[in-house]
Amino acid sequence: MICQVFVDDNAVYDPRVDELVIMQDKLNLELNKSGSYVFTVPPNNPYYGTFSKLKSIIKFVRDGKILFRGRILNSEYDFYNNQKLTCEGELAFLNDSIQRPYDFQSGDKHTTVEALFKYFINNHNSQVDEAKRFKIGEITVKDANNYIVRADSDYSKTLDAINKKLVETMGGFLRVRHESDGNYIDYLAELAEVSSQSINFGENLLDAEKEIRGENVVTALIPLGAKGDKEGDKRLAISSLADETSGEIRKKGDYIYSVSGVAQYGWIFDTETWDDVKDAKNLLTKAKSALSQKILLENSIELKAADLAGIDATLAPFDVGVWVPIYSVPHGLNSKYLVRKMSLSATNPASDSLTIGSTFKSFTERSANSASAIATVQQSLSKIGNNVATVVNNYALIKKDVQELQGEYVSSGTFDERLNPFEKHISFVGEDTRLSGRIIQEKFKSPSLQNSWNNAIGYGSASYWIDSCGIVHLSGVISGGTASSGTTLFVLPEGYRPVATELFDTIKVQADGTVQLTQAFSDANLSLCGITFRAKKEATTDEN
């Protein structure tokens, strides 16, 4: 990889030119953030001292692709007159313009996500220099009703307005693209690009953390709609609708509640307001959909990994906003995760790292992987005696024989024995660990999807498999089918079924192998990734 740094289109760093030298540089990128770049220019650089704060445009380029574009905020000089420059990314240009008060709310006034985003960007472009303007690109974030109500009586910075009025309420990702005809800004509902480089336990996975939070759980919700047209009118409520005595989420009086949520956590009330809803039935529908998410615990996974493209030219480098396949048996990871942060250096690529985050919700603290299976693997690792370290140290010799604890296992015995052909599987006898062969995980199997469900375009196909610990894994993304509560998605065969019904967010897996929706589903795509459970009995693995 060739990394270059440009200031006002002049190359101030190029590893192929001796005079173009910088030091101690660090680029930090993050989804929906401006990002930053810090680098030091020595006095012998021909462009030393030619930079203008807030005006000079900085670009960090990797193999011809612009990863960062921004401006200089601050400069410092050390004892040797080396100039340290601190830069912010181009999304910060949106802080240079103001959105004057606007009203897309009163009476019949309303707008759409696309129209409001264009309104903000056009206002910004009218106030700033050419270098800070953006062409409006793709806008794929939509509202279910195809209209939104927004207003603001304050004078706010454009970036704050976009975040508060769109990103924080509608979700989505801001992405800047650099094309030959200009700089585009997109507002995307989803990011679909998948990296050709994977992250593997024992190879380039550096750290993994998981957090489960319960402070935002709600089990009963009082929904409120729009106010009447007359002064003093109250907000719309659901009191006029009949109470319900069946279903997981039921209406009673002016509130709804989750039967299983109350049983699990007790009564926890909250309110939510929909200013654009004027029909009680529609308000009830929206409230039930909201409560189905509010009863769930928030889970977050954060992974740190190294980008091996710097030392292996056959690998494509990682990028922020790209999905990366991750495989780690001890952490129960066998899916794609989004690169949310990256830290890069043009002068010291060995320090490059990326942070991969995922946030999801579950009804109980049961993690997507089996805690008991992880404990078994961890105990096995301890007995083997730092086997993972041995694998890493000798990876160049046994790379084809050892793959992330899913391929062949290597004992802590003699070195010669590790290189001999294996004939049998690993075995645990009392406190001793013996190895004379290999463990081969079976290939993914494809279920027969039912009720018009199909594999979602651009994602992994629906699949299932069982690992060497007897844990069944589901993965893939499906779409387009009947989305009502109780709909059967597919049926798992014997050997891939749980002892009792397992509940995962909007999906449950029953003891007879039936995989069903537990509630109505309104999103475009339904992910099966991360669903794992212990099988009732082992299935026969396919060694081919």
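Me: Helices here are DSSP runs of H or I, at least four residues long, numbered from the N terminus. With that in hand, which residue just after α2 takes a positive phi?

Reply: Keep in mind that this is a predicted model. Helix α2 covers residues 158-170. Just after α2 comes a residue with a positive phi of about 75°, and that's G171.

Me: What do the buried residues of α2 pack against?

Reply: Buried residues in α2 include L159, I162, L166 and V167. Their packing partners are β8, α1, β12, β13 and β14.

Me: How far apart are the end C-alpha atoms of α4?

Reply: Count 1.5 Å for each residue, and the 15 residues of α4 (280-294) should span 21 Å. The model agrees with that, because the end C-alpha atoms of α4 sit 20 Å apart.

Me: Which residue caps the N-terminal end of α4?

Reply: Look for a side-chain oxygen lying 3.1 Å from the backbone nitrogen of K281. The residue it belongs to is D279.

Me: Which strand gives the largest share of the lining of the second largest pocket?

Reply: That pocket has a volume of about 760 Å³. Of its 31 lining residues, those closest to the centre are I66, L67, R175, V176 and V320. β3, β6 and β13 each supply at least two lining residues. The largest share, seven residues, comes from β13.

Terms used. Residues are numbered from 1 along each chain as its sequence is written. This is a predicted model: local features need pLDDT of at least 70, side-chain atom pairs count only at pLDDT 80 or more; totals for chains, interfaces and linings use all residues. Side-chain values use heavy atoms; hydrogens and water are left out. The expected span of a helix is 1.5 Å times one less than its number of residues. A polar contact is a pair of N or O atoms within 3.5 Å; within protein, one must be able to donate a hydrogen and the other to accept it, and residues adjacent in sequence count only if both atoms are side-chain atoms. Buried means under 20% relative accessible area, exposed over 50%, partly exposed in between (1.4 Å probe, protein chains only). Contact means heavy atoms within 4.5 Å. On a 1 Å grid over the protein atoms alone, a cavity is a set of points where a 1.4 Å probe fits but cannot get out, and a pocket is an open set with protein on both sides within 12 Å along at least five of seven lines; lining residues have an atom within 4 Å of a point. Grid points are joined across faces, edges and corners, and a volume is the space filled by probe spheres set on the points.
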